[in-house]
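Thanks for coming. I have one structure to go through today, and I will take it piece by piece.

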Amino acid sequence: MAEDLSRAFEPFKVGPLTLRNRFIKAATNEGMCKKGIVSKGLAEHHRAVAAGGAALTTVAYCATSMDGRTFVDQAVLSRENVADLRALTDGVHSEGGAACAQVTHAGCFTFLPQEELATSRPLSASGGFNKVGILSRRFTKKRMNRDEMSAMVDEFVSACRLAKECGFDAVELHMGHGYLLSQFVSRLYNHRRDAYGGKIEKRMKFPVEVLSRVLDAVGKDLAVVVKYSVTDGTRGGNTVEDGVEIARALEAAGAHMAVLSNGMNVESVSGIFGSSLPSEVRKPPENFIIRLGMRMQKITDFVPVEFSELYLLENSKRVRAAVDMPLCYIGGIQSSANVGAVLDAGFETMAMGRALVHDPSLINQWRDGTAEQSKCTACNHCVTMMYAPAGTACILQQDEAAAKEAARLNLIPASG
Ligand SMILES: Cc1cc2nc3c(=O)[nH]c(=O)nc-3n(C[C@H](O)[C@H](O)[C@H](O)COP(=O)(O)O)c2cc1C
Ligand code: SF4
């Protein structure tokens with residue numbers, strides 16, 4: 001019997017923002033920003049998600065500054081991009097949806113070539129050898145001092161203010177997967193012995209400072225959401241107990257909602273996706289650094305992990321039991337039955353990545369009762385396509401002509 005999904009289509013308030021239903025398009029690093037230009041292709045991607053029924057679509061990721069990028073062709077929350085980002089949010093609003101900017105600084109998780117980064121050593125919670133920098137020949141990272149931390153707080157605040165000016169309805173601060181704030185949260189990266197290192201309460205001190213200042217600056221107008229990794233998904237990393245304490249710290253700081261992800265880009269990519277990246281890539285990524293990066297990831301991800309639906313539900317339930325704040329479930333939602341299970345477990349909202357990359361109209365199909373199961377196979381090929389000329393797309397849905405047209409749109413500014 002088909003699942004009764006009516007409760008999933010009830011509105012829900014996240015901070016000052018009312019979502020029209022409980023469905024969020026998760027961040028899926030779309031690319032589509034050649035030389036940082038926010039393109040028509042990116043705007044169309046998010047318009048289509050809103051037209052397909054999601055309440056909120058997440059633009060990923062928007063760097064706080066040029067130095068905050070992981071790759072060259074990435075969106076930056078800078079004044080030059082306001083008109084194009086405004087065109088993107090206008091498109092989402094025209095379909096009745098809301099738009100969220102995932103706001104991130106890469107820290108040492110950057111593959112920018114030497115000439116693109118102002119500093120020779122990328123910033124992080126702790127200094128020393130930078131394994132991520134092997135590809136870009138940045139072999140050491142710099143432990144941030146207090147002045148650099150204060151400047152970084154200001155950078156996040158300015159970026160979020162700019163997001164508001166661009167018409168975004170929400171910002172998602174990324175504290176997971178190994179980016180800068182995650183480098184403070186995670187035991188794998190934070191080896192400090194001062195007030196910002198040690199137990200999880202101390203590792204959360206700087207990320208919470210960023211969150212509090214962002215809430216002060218834009219929290220009355222924008223939903224301020226935090227995405228984080230409940231576990232780092234690898235030995236020696238954060239455990240589910242840490243994940244629970246992180247949620248408590250976010251709740252105490254007044255975050256409007258937390259998105260409960262998992263894993264780290266470098267150490268445990270299968271922890272993010274609940275399955276390994278494809279070992280045989282039908283369409284090898286054209287970007288050399290991504291190709292090399294994927295090979296490196298394979299070294300840390302040598303035991304193949306097979307996908308199962310709702311792969312993060314058990315850990316997420318541990319967090320649910322510990323806090324009252326709104327929580328967004330993410331990870332392997334593929335069917336209307338999954339939606340019911342997520343709501344039954346007490347999560348107010350749910351985010352979906354791959355199922356909506358495969359078909360952005362799935363939410364409307366669920367609403368209308370014309371589909372139950374997504375046809376996404378969780379093959380993870382889209383993960384390898386982020387920086388292809390056509391940008392993130394489902395390999396099952398995109399033929400050569402469509403890829404060509406997408407690549408063309410990705411070269412035109414969104415407001416052009
Ligand atoms: C192509 C692709 C790119 C992604 N890029 C990001 C990103 O930029 N930021 C982020 O927080 N998560 C990113 N993710 C992870 C998703 O947001 C989500 O956590 C993960 O895919 C699990 O959800 P799903 O099972 O619904 O796909 C990406 C996922 C995919 C498939
Ligand atoms: S390429 Fe398509 S089928 Fe494969 S995981 Fe991505 S969206 Fe799903």
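What covers the buried residues of helix H7? Before the answer, one caution: this is a predicted model. The cover includes H4, helix H5 (200-203), H6, E10, E11 and helix H10 (313-322).

Now H7 itself. The helix takes in residues 240-253, 14 residues in total, and reaches 20 Å from its first C-alpha to its last, close to the 20 Å expected at 1.5 Å a residue. Its buried residues are Asp-242, Gly-243, Ile-246, Ala-247, Ala-249 and Leu-250. Looking down the axis of H7, you find those buried residues within an arc of 160 degrees, so they line one face of the helix. Just after the helix comes Gly-254, with a positive phi of about 95 degrees.

E11 is joined to E10 by 5 bridges, and the two strands run parallel. Within that pairing, Lys-227 stands opposite Val-259 in E11.

The buried residues here are Met-152, Phe-156, Ala-159, Cys-160, Leu-162 and Ala-163. Seen down the axis of H3, they fall within an arc of 155 degrees, so they too line one face of the helix. The face turned away from that buried side carries Arg-146, Asp-147 and Ala-151, which are exposed. The cover over the buried residues of H3 includes helix H2 (82-94), strand E5 (98-104), strand E9 (170-174) and helix H6 (205-218). After H3 there is Gly-167, whose phi is positive, near 95 degrees.

There is also an open sheet of 3 strands, in the order E6-E8-E7, with mixed pairing. The edge strands are E6 (123-124) and E7 (128-129), each pairing on one side only. E7 and strand E8 (residues 140-143) run antiparallel and are joined by 2 bridges. Gly-128 has Lys-141 in E8 as its bridge partner.

On to the ligands. Which residues come nearest to ligand 1? There are 26 residues around it, and Ala-26, Ala-27, Asn-29, Ala-60 and Gly-353 come nearest. Strand E4 (56-63), helix H8 (269-273) and helix H12 (354-358) are the elements that give two or more residues to this shell. H12 supplies the largest share, 3 residues. By class, the shell has 14 nonpolar, 10 polar and 2 charged residues.

Ligand 2 has 13 residues around it, and the nearest are His-358, Cys-376, Cys-379, Cys-382 and Cys-394. Its shell divides into 8 nonpolar, 4 polar and 1 charged residues.

His-177 lies in the loop between E9 and helix H4 (180-185). Its phi is near 65 degrees, a positive value in a residue other than glycine. With 26 C-beta neighbours inside 10 Å, His-177 counts as buried, since the cut-off is 20 or more.

Ala-378 sits in the loop between helix H13 (362-368) and helix H14 (400-409). Phi of Ala-378 is also positive, near 55 degrees, again in a residue other than glycine. Ala-378 is buried, with 20 other C-beta atoms within 10 Å.

Is Lys-220 buried or exposed? Lys-220 has 10 other C-beta atoms within 10 Å, so it is exposed. Its place is the loop between H6 and strand E10 (223-229). Lys-220 and Pro-389 are 169 residues apart along the chain, and their C-alpha atoms are separated by 38 Å.

That is the end of the tour.

Methods:
Residues are numbered from 1 along each chain as its sequence is written. Chains are lettered from A and ligands numbered from 1 in the order in which they are written. This is a predicted model: local features need pLDDT of at least 70, side-chain atom pairs count only at pLDDT 80 or more; totals for chains, interfaces and linings use all residues. A residue is buried if 20 or more other C-beta atoms lie within 10 Å of its own, exposed if 12 or fewer, and partly exposed in between; C-beta atoms are placed from the backbone. Helices (H or I, at least four residues) and strands (E, at least two) are DSSP runs, numbered from the N terminus. The arc is that of the directions from the helix axis to the C-beta atoms. Two residues are in contact if their C-beta atoms, placed from the backbone, lie within 7 Å. A residue is near a molecule or strand if its C-beta atom, placed from the backbone, lies within 6 Å of it. Ala, Val, Leu, Ile, Met, Phe, Trp, Tyr, Cys and Pro count as nonpolar, Asp, Glu, Lys and Arg as charged, and the others, Gly among them, as polar. Two strands pair if DSSP finds at least two bridges between them. The expected span of a helix is 1.5 Å times one less than its number of residues.
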